[in-house]
Amino acid sequence: MTVFIKTKTNCCGRSWCVRDPCGIMCAVVTWLLIAYGQVCVFLVLIYSWDQYPIHTFLNFVLFESFSALAVTSHLKTMMTDPGAVAKGDCTEETVERMQLLNGHTAIYKCQKCSSIKPDRAHHCSVCERCIRRMDHHCPWVNNCVGEGNQKFFVLFTMYIALLSMHALYWGIWQFVLCVGAEWQKCSSLTPPATTLLLIFLLFESILFAIFTAVMFGTQISSICNDETTIESMRSRNAMMDEEERQRNNSWKNLQLVFGGPFGLRWFNPLANPFVSRPTFEYSV
C-alpha cells in the first residue's frame, strides 16, 4: 500500500493567498497578457480558417490547451501553501518535546515569526512566514516557491514558454499570409490595427519565451542538484553533508517534486506532489 501526503491549499484554516499589492498586480498583468493572446487569436489568427482549415484548427487547439494549462498552473502556484511553518509554535514545551523525539538535537528558532525553523527553511519577508525548502519569492505568482508548490511553478514556466513559442510561430505565419494576400480577408480589423496587434504579439512571445524557458531550465537544474536558488547563493556545503548529496540522484529528486514515477501526472497541474523527502522515501 502506497501512502501519499498531499499539499494543501489552506494554512491555519484559511485559504492561502498572499496579500501583497505588488504581487497581486503582477498576477493580474500575467492574466492580461494571456488574455491579449486570446484577443489576437479571435480577431486575427483564426481568419485563415477558409484557406487552411486543418492548420488553423490544430493551432487553435494547441494554443487553447497551452493557455488553459498555463492559467491552471499559475493559479495552483499562487493558491497553494508553499510549505509555510506555523507561526509562534516555538514554545518551551514544544522545543523540549522535539528534542526528546530527535535525540536532543539543536532546535532553531526564527526570530521574525517565532516558529521552529526546519532544516532548509527560510523566512520570507513578503509572506511573513518561514517556508520549507524555499527557492525564492516570485511576484508573478504572488507567492513563494517552496516545497509545496514548486511543481506547479515549474509547470507554469514550461507551459508559458510553450505557449509563447507557439504564438510566435502562428503570429509569423499569419503575418506572412496577410502580406501575401495584401491584407485582404486575413483579419477582422484594418491592416494598421492588424499589424500593431501582430507586432506586439510577436514581441510579447519572444520576450516571455526566452524568460520562461531560462527559468524552466534553472528550476530543473535546481531540482536535479537538490539545491534551491537561495542555497546556490550561499555555501551549500555548510547546509548539507556531502555524503547525503551523493545519495540524492537527479531522477529521484525529480520524482520527489513531481509526484512519483514518470507519467502524465508530472504534467498535470491538478495532481498534487509529495511534500517531504521522508514521505517519498519511506512509503511502502
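The questions below concern helix packing and aromatic pairs in this predicted model.

Q: Are helices H4 and H5 roughly parallel or roughly antiparallel to each other?
A: Helix H4 (residues 150–180) and helix H5 (residues 191–224) pack with their axes 7 Å apart and at an angle of about 150 degrees. Angles over 145 degrees count as roughly antiparallel. The two helices H4 and H5 are therefore roughly antiparallel.

Q: How many nonpolar residues belong to the contact of H4 with H5?
A: The crossing of H4 and H5 is left-handed. The residues of this contact include no charged and eight polar ones, while the nonpolar ones number 21.

Q: How far apart are the end C-alpha atoms of residues 193–216?
A: An unreviewed UniProt entry lists several stretches as "transmembrane region", among them residues 193–216. In the model, the chain over residues 193–216 is 100% helix and 0% strand, and its end C-alpha atoms are separated by 34 Å.

Q: Is the pair of Phe42 and Phe60 stacked or edge-to-face?
A: By the ring-pair rule, the count comes to ten aromatic pairs. For Phe42 and Phe60 the ring centres lie 5.8 Å apart and the planes stand at 85 degrees, and planes over 60 degrees apart count as edge-to-face. Phe42 lies in helix H1 (residues 21–43) and Phe60 in helix H2 (residues 53–79), so the pair ties together parts that are 18 residues apart in sequence. The pair is therefore edge-to-face.

Q: Is Phe262 buried or exposed?
A: Phe262 belongs to one aromatic cluster together with Trp251, Phe258, Trp266 and Phe267. Its relative accessibility is 52%, and the cut-off for exposed is over 50%, so Phe262 counts as exposed.

Conventions:
Residues are numbered from 1 along each chain as its sequence is written. This is a predicted model: local features need pLDDT of at least 70, side-chain atom pairs count only at pLDDT 80 or more; totals for chains, interfaces and linings use all residues. Side-chain values use heavy atoms; hydrogens and water are left out. Axes are lines fitted to C-alpha atoms, for helices over the stretch in contact, and angles run from 0 to 180 degrees between N-to-C directions. Helices (H or I, at least four residues) and strands (E, at least two) are DSSP runs, numbered from the N terminus. Angles under 35 degrees count as roughly parallel, over 145 as roughly antiparallel, 65 to 115 as roughly perpendicular and the rest as oblique. A crossing is left-handed if the near helix is turned anticlockwise from the far one by less than a right angle, and right-handed if clockwise. Ala, Val, Leu, Ile, Met, Phe, Trp, Tyr, Cys and Pro count as nonpolar, Asp, Glu, Lys and Arg as charged, and the others, Gly among them, as polar. UniProt positions are given in the numbering used here, feature names are shortened, and annotations may be inferred rather than shown by experiment. Rings of Phe, Tyr and Trp (its six-membered ring) pair if their centres lie within 6.5 Å; planes under 30 degrees apart count as stacked, over 60 as edge-to-face and the rest as tilted. Buried means under 20% relative accessible area, exposed over 50%, partly exposed in between (1.4 Å probe, protein chains only).
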